[in-house]
Amino acid sequence: MSVPAAVGAAPARPQADREAAPWRRTSLGTVGGVLLLGLVLPWLLVRLDIGNFLVVLLILFFMQAVVAQSWNLIMGYGGIYSFAQVALFAVGGWTTGVLAHSLGWNPFASILFAPVLATAAALLIGLPTLRLRGTYVVLLTLAFHELSRVFAITGPRFISGGGYGLTIVPGFPLGNVGNDQRLIYLYYIAMGIFSVATFVIWRVIYSPLGVAVTALRDSETYAVSRGIDQFRVRLVLFAISAFFTGLAGGYMTHYSTGISTSVFDLSRLIDLLAMIVIGGWGTFMGPILGAGIVIGLDQALVGIGDFRALAEGVIVALIAVFAPQGLWPTLRRIYDRYLGPEPEPAGQAEADPTVGGE
Amino acid sequence: MYNTQLVQAVWGGILFGSVYGLMALGLTLVWGAVRLLNLAHGAIFIVGAYTAYWVVSTLHLPILAALPVGVVVAATFAGVMHVLFIRPVIGKTGFDNATLVATIGLSISVSAAALIIFNPEYKVVPPVLGGSHNMVGVQITNQGLLVVATSLALFALVYLFLTYSRQGMAIRAVSQQRDAASLMSIPVVRTYGVVIAISGALAGLAGVLLSPFFFLNPSSGFNPMIQALIVTIFGGLGSVRGALVAGFVLGIFESFVEVYLGVAWALPGVFLLIILMLIVRPNGLFGIGEVRRL
């Protein structure tokens, strides 16, 4: 670039790469419409016969999607193979559960400590592990999972509740309202958490932090040689992910007025993994789509009982090996080809971050 | 009293150490040669154990007949896993992702299958050897002695196999430089299959031998796998010698913690030890970094 050109470009803000700054081209109308639909939907649904059930499913969807998204943030984008996700969820759940149950705090106050403690726990695991290579992270986070499970079962009584977890945590104090009304309020809280988490994760993915961590995933040597502090970037990302995971854990504890030690079951882990893998590993919409699919299938397949986990495990394995991109990129391609706007001629290369890779 | 505790701790350490070593041996072999972190190792463990249980309880055969069946079925399972889920992604980008997700998916499927076929109750696999000795008040079972002896013998066998046999040399060659090995007309993919099958056989054997101590339920593969993973890191990923030494070190450490501080401290203690280890020596006891393995 010649000197005058560089000087001339300096006062005007350089044209941001559209791929890198998607909020510049996101239509507020669409986002507003979706939000409005989300706000109105429960009022319409509760009028249906099975409406309450559908609202409950939506609440579950919101929470599962938050956890899956935060996991995808570190696994899919960050390439950090952390299996501590369920344990961090449990840390959040137990924190607010113990505060509300044993100390009698207002759940709205105690839930604020769920993400804080989950983040602290994540920093505690992250400090020794994130300096190391991927395999060690897998081993140590799995070990942390097991450690938390054992502690939750055999720990002091106010935590373990005698081995079953916390069974009588107070729910959110929503005043003296009818059942439908109460459900709708719970729905709004869940939707609020989901919206905030989705927005933050979206911004993080396209922030310098997100770009740095994706660069680390794709080519560690090159990224480090460009001056990216690998350890710090990963730690911050891990903490963000843990924050929302813990928040979701806290919400679920008050929502279901208890948290059982069965959250540590491996079938929970495979549910979350299925959401990411089916939806699309390392894509923004993937885990959200995946959460919807897994929760929907869950209801459809409730009849086959134990076979569900069996099928889920095999399906996840097959997708991981034979269609590692997942569903979202495929849908996206179909949309772009048949329904989307005409692609701009200026070589919109297939810049989609490929799945995984060193 | 004092003596009893000490003997208890040492014996428990040797017993569990040898078992962790046996599990870790399979993991470390696969990691060293294929660069695959096999999270289905615990699943293969229970495949072996449940097979032996089934042969004993349904076919009413003695456990000595069930032992080889369990080992063969476990090795076959590992081989099938290799063909279906690992071979298709060898050498492709995203190998780590795909195999990690696939093996954990499979391991959960195996647990679910075990739950369906044999309900969640604890099963008892009879010991291969009955009877026990008494040493200053500590019961030392013959089965325990058998496990320790088998594990040591297998370490020796695997070491000799890797060092002297043609197939073992092929494995080492592949693990050191895959492309060069391939140019020397070593069938790389088949060698991977052999390593994975051997590792499966080891896990299956551990499953059959260990179930008399742990009892067997659909999720009982998870804990031995975690312990084996910890041993593997502690000894250095991909190091056979490391797996042996670390198995005993961690086993004895855990056993002492259990006897003197209580069972609840065993896992946190091991966890703490491994974190310290990783800070002091990130490659483990016998870790040789990235270049040379096995």
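This is a predicted model: local features need pLDDT of at least 70, side-chain atom pairs count only at pLDDT 80 or more; totals for chains, interfaces and linings use all residues.
**Chain A and its helix 4**

First, some background on the chain. Chain A has 16 helices and two strands, and 45% of its 358 residues are buried. If you take the contacts in chain A between residues at least 6 apart in sequence, 78% of them join residues at least 24 apart.

Helix 4 of chain A runs over residues 85–102. Its length checks out: at 1.5 Å a residue, its 18 residues should span 26 Å, and the end C-alpha atoms sit 25 Å apart, so the two figures agree. This helix is also mostly covered, with 17 of its 18 residues buried.

One of its partners is helix 7 of chain A, residues 134–154. Two packed helices are described by the angle between their axes and the distance between the axes. For this pair, the axes come within 9 Å and cross at roughly 35 degrees, and the crossing is left-handed. Here is who sits on each side of the contact:

| Helix of chain A | Residues in the contact |
|---|---|
| Helix 4 | Val86(A), Ala87(A), Ala90(A), Trp94(A) |
| Helix 7 | Phe144(A), His145(A), Ser148(A), Ala152(A) |

By type, the residues of this contact come out as six nonpolar, two polar and no charged. As for the spacing along each helix, an α-helix has 3.6 residues a turn, so residues three or four places apart point the same way.

**Where the chains touch**

Now for the contact between chain A and chain B, which takes 38 residues from chain B and 37 residues from chain A. On the chain B side, the elements giving two or more residues are helix 4 (95–117), helix 9 (222–235) and helix 11 (266–280) of chain B. Helix 4 of chain B gives the most, with 16 residues. The chain B side that touches chain A divides into 29 nonpolar residues, eight polar and one charged.

Strand 1 (residues 132–135) and strand 2 (residues 138–141) of chain B pair in the antiparallel sense over four bridges.

Technical notes:
Residues are numbered from 1 along each chain as its sequence is written. Chains are lettered from A and ligands numbered from 1 in the order in which they are written. Two strands pair if DSSP finds at least two bridges between them. The expected span of a helix is 1.5 Å times one less than its number of residues. A residue is buried if 20 or more other C-beta atoms lie within 10 Å of its own, exposed if 12 or fewer, and partly exposed in between; C-beta atoms are placed from the backbone. Axes are lines fitted to C-alpha atoms, for helices over the stretch in contact, and angles run from 0 to 180 degrees between N-to-C directions. A crossing is left-handed if the near helix is turned anticlockwise from the far one by less than a right angle, and right-handed if clockwise. Two residues are in contact if their C-beta atoms, placed from the backbone, lie within 7 Å. Ala, Val, Leu, Ile, Met, Phe, Trp, Tyr, Cys and Pro count as nonpolar, Asp, Glu, Lys and Arg as charged, and the others, Gly among them, as polar.
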